[in-house]
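My plan is to look up a few features in turn and to write down what each search returned.

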Amino acid sequence: MNTRLTLAVSALALMAGAAQAEMNFNRIASFATPGNMAEGEDRARETSAEIIAATKDGMTLVYTDSPLGVIGRIDITDPRAPKPLGNIDMGGEPTSVAVIGSTAFVGVNTSESYTDPSGRLAVIDLGTGQEEVSCDLGGQPDSVAVAKDGSFVAVAIENERDEDLGDGRVGQMPAGTLALLSVADGIADCDSLQTVDLTGLAEVAPEDPEPEFVDINSLGEIVVTLQENNHIAVVSPQGEVIAHFSAGAVDLEGIDATDERGALVFTESQPGRLREPDAVKWIDDTHFATANEGDMDGGSRGWTIFAKDGTVVYDSGTDFERALIQIGHYPDKRSDAKGVEPESIETAIFDGTPLVFVGAERGSAVGVYDVTDPANPVLLQVLPSGIGPEGYVALPERNLLVSANETDLVEDGGVRAHVMLFERAEGEAAYPTLTSAGSDKLIGWGAISGMVGDAEQPGILYAVNDSFYGYQPTIFTIDATAKPARIVSALPVTRGGAPAQKLDLEGVTLDGEGGFWLASEGNTDKLVPHALYHVNAKGVIKEEIGIPAALSAVEKRFGFEGITKVGDTLWMAVQREWGDDPKNHVKLVAYNTETEEWGAVLYPKAAADTGWTGLSEIVAQGDWFYVVERDNQIGDAAKIKKIYRIPASEMVAAPLDGELTVVSKEEVRDLIPDLKAWGGYVVDKVEGLAIDATGEMFVSTDNDGVDDSSGETFFWSIGKM
């Protein structure tokens, strides 16, 4: 039996009468790359989507898939329902693709070793899948670009170094080059191959240039990044180097540069950080933008606009990374490396407005900038891109942006590599759903777990982070009346004046005295106890309560997930079966703060066809207790992400050594349709549930600290009770 909730009036509905709505990009669909495998193929193999391009009519996408050695094709005639067109075997590692009309020009690495690099340019009819021409490039290709008039192709021949040799430094022969080939009637002329020498240009290893990325403006001028050399060259269509210059360095202030702790502390600096740009794209005929990913010594965590004479017109400094920090997309485990690691750049003109799209490989997001004034770009949006974005293609004629995301977590049972589609249209931006933007001090956050509503203030909620940030346990205050919801403060949980250790906070509830009760999920192997913590309004732990012997004797790894308070009794949901629980039943544990007595009831959870199911939150309100029940599956495999309710009258705790009552449950809401509405894949961790002072219910997901995760946090209202 389902219980209906009355949906709250959305801000979008209130805007319906507006004469002119704002234009925004929103994700409308995603395509998992295993979908292009042929019937009978082993879909458990790793696959990927890296560099992506589109046919002239914008109806077909083509992307490189190096793990499978193929290029994949997708029909986006209906961009909300992308369809597989199958893979084409490349007989090597495809590294890049560009398209003229409906013909793909694919760089294919066929190298047998680093010292004997080889590769070819394959010319593929995307309609028939047939290879028309193959041109020997004489080296290992890394990036392909086509002239806007379709007259020639430029290929960056990287001849990449062996990173296990000589401390992975450049200065390993043979040197990289730039290859130019004429195109006639849509077919490359192999005999026209021209090699442009790029040695002697850079200050860093001038004898060994490693071209990384190329792009061509309407004048036929080619810009090429030499990432490991921290250098950029501009080459004429005839193959003459007309300008070259160092990519330079940036002084970074207010960053997190340390990875030995699970904490977001943005107080460090990196002076003179080399840009070492990866992707580059022309904005117009005089300006181009670079994504400063970094390699050997650098990575400036941002992006830059250069004039083609080498003048720095704009540099984002730490602004781009800070924008990702505010929406929970900062990858803390990459702090000692290159942070959010911008790797990809796309440019296009939408309705007369020049835009730059900056993709963060480790932050799994893309910034959308208005560069009408190249010296003063304006950040319009940050979009969720999928895990490990590698390439983008903009289709302004169709108001579309497409991302190719290379990370495939099949070996870990995680989400597969995806291509994602975004549409620019009138309406609100659907993402982010939660941000700390607007606070006086930068608030980093992630891995949101338990939540609770304030007892008096409508729309004010409190949330905790889990053990991913083990050195920074925090209670966040969320203003859910804002659009998007805003984290307005962060209260450290402390013990002895320092951040409390050995906590895995999975639940929070009000104590009725201005403080909180926190539930910590234990892990005996890591000496983290299953426990309850009473903290005051300043976040100081005043009382710690361990579980009794009757529970310790049967405890397992998956413990308390959520906590709620009714009178003097705290109720905690145990995520999965402990040692004495019947199959597919878990305990709802009670602790009376006055009598110090423990008890429990049993909750009947669903059986899982794959993986497991369990509880991740509990909230009491009026005559009901609400729980979140979910499986640990992701994407199409996800089956159970639901809210159930239990009559409060049945929540009568029995002694732990007695027979426990099995409570009844009633489905309130299936959350999978909600999760699908964001246009991506269904995430696995629905972790937070809270009811505010007016009875409005809010749900949130845990982004795992952007570790093997897209970093997406979904926070939304499902209406008043």
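The entries below go through strands, cores, a disulfide and some backbone details.

**Ground rules.** I am working with a predicted model, in which local features need pLDDT of at least 70 and side-chain atom pairs count only at pLDDT 80 or more, while totals for chains, interfaces and linings use all residues. I number residues from 1 along each chain as its sequence is written, and the side-chain values use heavy atoms, with hydrogens and water left out.

**Strands around S31.** I take helices (H or I, at least four residues) and strands (E, at least two) as DSSP runs, numbered from the N terminus, and I call two strands paired if DSSP finds at least two bridges between them. Looking up strand S31 (residues 418–426), I found that 9 bridges join it to strand S1 (residues 23–32), and that these two run antiparallel. One of the partners I noted is Leu421 in S31, which is bridged to Ala29. S31 also pairs with strand S30 (residues 400–405), again in the antiparallel sense, over 6 bridges, and here Ser403 has Met420 as its bridge partner. As a reminder to myself, strands of a sheet pair through backbone hydrogen bonds, either parallel or antiparallel.

**A four-stranded sheet.** I next looked up an open sheet of 4 strands, whose order is S39-S40-S41-S42 and whose pairing is antiparallel. Its edge strands are strand S39 (505–510) and strand S42 (541–546), each of which pairs on one side only. From one strand to the next the twist averages 20°, where axes are lines fitted to C-alpha atoms, for helices over the stretch in contact, and angles run from 0 to 180 degrees between N-to-C directions. Between S39 and strand S40 (residues 516–520) I recorded 5 bridges, and Leu505 has Ser520 in S40 as its partner.

**Nonpolar cores.** I use "nonpolar core" for a set of buried Ala, Val, Leu, Ile, Met, Phe, Trp, Tyr and Cys residues joined through side-chain atoms within 4.5 Å; buried means under 20% relative accessible area, exposed over 50%, and partly exposed in between (1.4 Å probe, protein chains only). The largest such core has 78 residues, and Phe25, Trp303 and Ile643 are among those with the most contacts inside it. Strand S26 (residues 353–360) gives this core its largest share, 5 residues. A second, separate core has 21 residues, including Leu551 and Trp578.

**The disulfide.** Which cysteines form a disulfide, a pair of sulfur atoms within 2.5 Å? My search of the whole structure found 1 disulfide, formed by Cys135 and Cys190 with their sulfur atoms 2.0 Å apart. The link is left-handed, with -80° about the S-S bond. Because Cys135 lies in strand S9 (residues 131–136) and Cys190 in the loop between strand S13 (187–188) and strand S14 (194–196), the pair ties together parts that are 55 residues apart in sequence. Cys135 is buried at 1% relative accessible area, whereas Cys190 is partly exposed at 27%.

**Backbone details.** I noted a cis peptide bond from Tyr431 to Pro432, with omega near 5°, and Pro432 is in the loop between S31 and strand S32 (434–435). Another cis bond runs from Lys483 to Pro484, with omega near -5°. Leu527, a residue other than glycine, has a positive phi near 60°, and it counts as exposed at 68% relative accessibility.

Key
A disulfide is a pair of cysteine sulfur atoms within 2.5 Å.
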